[in-house]
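Here are my notes for you on this model. Have the structure open while you read, and take the points one by one.

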Amino acid sequence: MTTLKFADTHNMVAFLSKPAESDGFEQIVDFLNAQPIRYALTVNPTIYISCIEQFWSTGVVKTINGEVQLHALVDGKKIIISEASVRRDLKLEDEEGIDCLPNSTIFEQLALMGYEKISQKLTFYKPFFSPQWKFLIHTILQCLSSKTTAWNEFSSTMTSAIIYLATNQKFNFSKYIFESMVRNLDNLSGKFLMYPRFVQVFLEQQLGDLSTHNRIYVAPSHTKKIFANMRRVGKGFSGRVTPLFPTMVVQNQSELGEVLHSNDP
């Protein structure tokens, strides 16, 4: 039986603080801190390696009363994951969310974001955005997506997620995360220990304290270096700065504080 492994860069913990190095990124950091996805971006439980291994090694997909579910055994106890449980446990509040936009809308919105490599292809490239937009894209890709590599490019699904966030609409991250987990189980050649932060949250919700386990996996985290990395001008990009949409700018800092307090991991 193949030993499943963690991905070096995947399901990272987002960096949503504002040190001195964040100059010029305050608006996008405030924006993400005010979103329901903040909990999923930043939750950082103690991850027990044996629990994650058991989950992914025993997991199977079942359909119960018309609902697709993921069933697994951890410490001999049954775990059941569904789209609804992902939504509840990660506090995503996206039940009415959509999961993909029409191509025409994607191209239109990308142009408004200042994207400089518009074509009819449905693969998009992070270096062709200005810094705050790159920060948003990079954070979503490395913290919430199922990707493990090729961080400079992203699909129409992730593009839809970013556009929905930017236009104050709901993207169904719960469905995306759950369906990614189902596909991982069916991926005979590329299966890995996906979404370790999230799986640990799911397990704790159903099993409670798991501290009897002792081998710990430390989730990779963004650091303040992310700001310098996002400032770098990609080859072929003009360097023109496109501001965030007006609806993305958090006006009331006291309201932001209330959101942060209510969504603390």
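1. Start with the second largest pocket, where α10 gives the most to the lining, with four residues. A pocket here is an open set of points on a 1 Å grid over the protein atoms alone, where a 1.4 Å probe fits, with protein on both sides within 12 Å along at least five of seven lines; lining residues have an atom within 4 Å of a point. Helices like this one are DSSP runs (H or I, at least four residues), strands are E runs of at least two, and both are numbered from the N terminus.

2. A word on the source: this is a predicted model, in which local features need pLDDT of at least 70, side-chain atom pairs count only at pLDDT 80 or more, and totals for chains, interfaces and linings use all residues. Residues are numbered from 1 along each chain as its sequence is written, and side-chain values use heavy atoms, with hydrogens and water left out.

3. Back to that second largest pocket: it is lined by 15 residues, and Lys 126, His 138, Ile 226, Asn 229 and Met 230 lie nearest its centre. Its lining splits into four nonpolar, seven polar and four charged residues. Asp, Glu, Lys and Arg count as charged; Ala, Val, Leu, Ile, Met, Phe, Trp, Tyr, Cys and Pro as nonpolar; the others, Gly among them, as polar.

4. Now look at the largest pocket, which has 18 lining residues, with Gln 35, Pro 36, Leu 165, Asn 168 and Gln 169 nearest its centre. By class, that lining has 11 nonpolar, four polar and three charged residues.

5. Which residues are linked in a network of salt bridges? They are Glu 83, Arg 87 and Asp 94. A salt bridge means a side-chain nitrogen of Lys or Arg within 4 Å of a carboxyl oxygen of Asp or Glu. Arg 87 reaches Glu 83 at 2.7 Å and Asp 94 at 2.6 Å, closest N to O. Arg 87 and Glu 83 both sit in helix α4, four residues apart, about one turn.

6. Find Glu 21 and Lys 224 too, whose side chains meet in a salt bridge (3.5 Å, N to O). Glu 21 is in the segment before α1 and Lys 224 in the loop between β7 (216–217) and α10, so the pair ties together parts 203 residues apart in sequence.

7. Is Asn 11 buried or exposed? Asn 11 counts as buried because its relative accessibility is 0%; buried means under 20% relative accessible area, exposed over 50%, and partly exposed in between (1.4 Å probe, protein chains only).
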